[in-house]
Amino acid sequence: MLLPALFAAATASAQVKDPVIDNIVKEETENSQLVPLAQQLFDGIGPRLVGTPQMEKAGQWALEKYKEYGITARYEKWGDWRGWERGVSHIDMVTPRIKSLEGTQLAWSPGMKKAVTAETIILPEFADSVAFQKWLPAVKGKFVMISMMQPTGRPDYNWTEFATKESFDKMKEARTAQTEAWRKRIANTGLTTRTLPPALEKAGAVGVITSNWSAGFGVDKIFGAYTKKVPTVDIALEDYGMLYRLTENGTKPTIKIQTESKELGAVPTFNIVGEIKGTEKPEEYVMLSAHFDSWDGGQGATDNGTGTLTMMEAMRILKKVYPNPKRTILVGHWGSEEQGLNGSRAFVEDHPEIVANLQALFNQDNGTGRVVNISGQGFLNSYDYISRWLSKVPANIREQITTNFPGTPGGGGSDFASFVAVGAPGFSLSSNSWSYGNYTWHTNRDTYDKIVFDDVKNNAMLTAILVYMACEDPAKTSREKAVLGINPRTGKQSEWPAQTKANRHGGFE
């Protein structure tokens, strides 16, 4: 929180009008470009899975937008990734009745030359891995269901509102026991959720069926496939439960699946970096940051499309109202964050001269909500400069933000951590939830309609003002690290996060 003396000084400072800040607010309030940007990126191009044509198309789109804004931008290749393109999917139950099923082939799922119709079977319970190996030939010619059937499709908040306490407690106890039993069922195969699908594939299964429910109505997590020749599809809870019950009671349902996709070999992975050159201290940098890639079950709208648009919009505004900054302003749109912060880690490795002279980096990643938290990331004097910069932010935005100084250095989670790991002042503009974890984080429902544009507008104004203030600050930011406390999990002294190298040739293992 702000210290009393600093808060008083900050409040007095905020009362002095600044025409640049006034113009930032005016431009975003009266001429926001967020809606057309969102429509072009999410509806027009869609999700941006690393290694896909959509990611490449989005990169070219971003370069064109920056050119339109009069901002110099470049495409920085830093490695390559397994190229893949999603095609048409059809998933239907054909017996005991006809029903089209809601489902999604997982990213990097192998393409099928023709549709396959087969019976479904459920991964049974095994005493041990020997029993599993004896059963394994039974999967030949079958679709194998390897996810637990959820006891309820209602999220807990719905139970809290309507159920009796006894009923809710009973459901939770049953779910906990069932989840543990399923965990043991997988463990007793001697394999993991990663290694089980390839084993089933090798034994002759014609496909793997999962259901990765995200604890909300109609929402599943959509990640990547581990099979190489047969499809892996996620089927929504409601349809998965139906198939599971029919299979379990001996009805022997059959389903027909055709999922098309293309393998594209090794394709370039890249960052898009934009620049507004500084006039007085061009070799010092203030940076905007957001990852550009996404998973591809939805449109990648809130993860991290809204962070991307926040930074693009802030850059557009700054170029218009603050075209001659004292320090150089950079924006990084990172590739392959979802596979381990690879784009930002590569940038840190490739640009030590920028990292060494970084005044501050502002990253936004966790959804569409207005920024409500900023941590000092373990930098001892972060309360000083961040408080001064925040003092110029309009009260209706500033007063919603909780600060935590000096805070604890982030070891992961998003791209600011790549900079913190090397001692550079990177900060996360952490957003209000809007049920992000359940409903839009890595899900099939991360789509345009979930954007809250008023909140994203606030974030664009906040980011532009913080960047402006960091550029104008006469002093260079301190990188002195706070003494970290005891880690409550380990009981040992906490250590500063270590730098991790980027994976520059990914997706092939």
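The stretch of residues 271-462 has its end C-alpha atoms 24 Å apart, and it is 35% helix and 23% strand (helices, H or I, are DSSP runs of at least four residues and strands, E, of at least two, numbered from the N terminus). This stretch carries the UniProt annotation "domain: Peptidase M28", which comes from an unreviewed entry; UniProt positions are given here in the numbering of this model, feature names are shortened, and annotations may be inferred rather than shown by experiment. The model is a predicted one, with local features needing pLDDT of at least 70 and side-chain atom pairs counting only at pLDDT 80 or more, while totals for chains, interfaces and linings use all residues. Residues are numbered from 1 along each chain as its sequence is written, and side-chain values use heavy atoms, with hydrogens and water left out.

The chain splits into domain 1 (19-83 + 266-472) and domain 2 (97-252), with bounds from an automatic or database domain assignment. Taken over C-alpha atoms, the centres of domain 1 and domain 2 are 37 Å apart. Where the two touch, 16 residues come from domain 1 and 17 residues from domain 2 (contact means heavy atoms within 4.5 Å).

So how much surface do domain 1 and domain 2 bury between them? The figure is about 1400 Å², with 51% of it on carbon and sulfur atoms; buried area is the accessible area (1.4 Å probe) that two parts lose on being put together, summed over both. On the domain 1 side, Arg-82, Trp-295 and Tyr-439 supply 39% of the area buried against domain 2, more than any other three residues.

Polar links cross the interface too. Between domain 1 and domain 2 there are 11 residue pairs in polar contact, both residues at pLDDT 80 or more (a pair of N or O atoms within 3.5 Å; within protein, one must be able to donate a hydrogen and the other to accept it, and residues adjacent in sequence count only if both atoms are side-chain atoms). Two elements, β1 (72-95) and α16 (436-440), each give two or more residues to the domain 1 side that touches domain 2, and α16 gives the most, with 3 residues. That side is made up of 6 nonpolar, 7 polar and 3 charged residues (Ala, Val, Leu, Ile, Met, Phe, Trp, Tyr, Cys and Pro count as nonpolar, Asp, Glu, Lys and Arg as charged, and the others, Gly among them, as polar).
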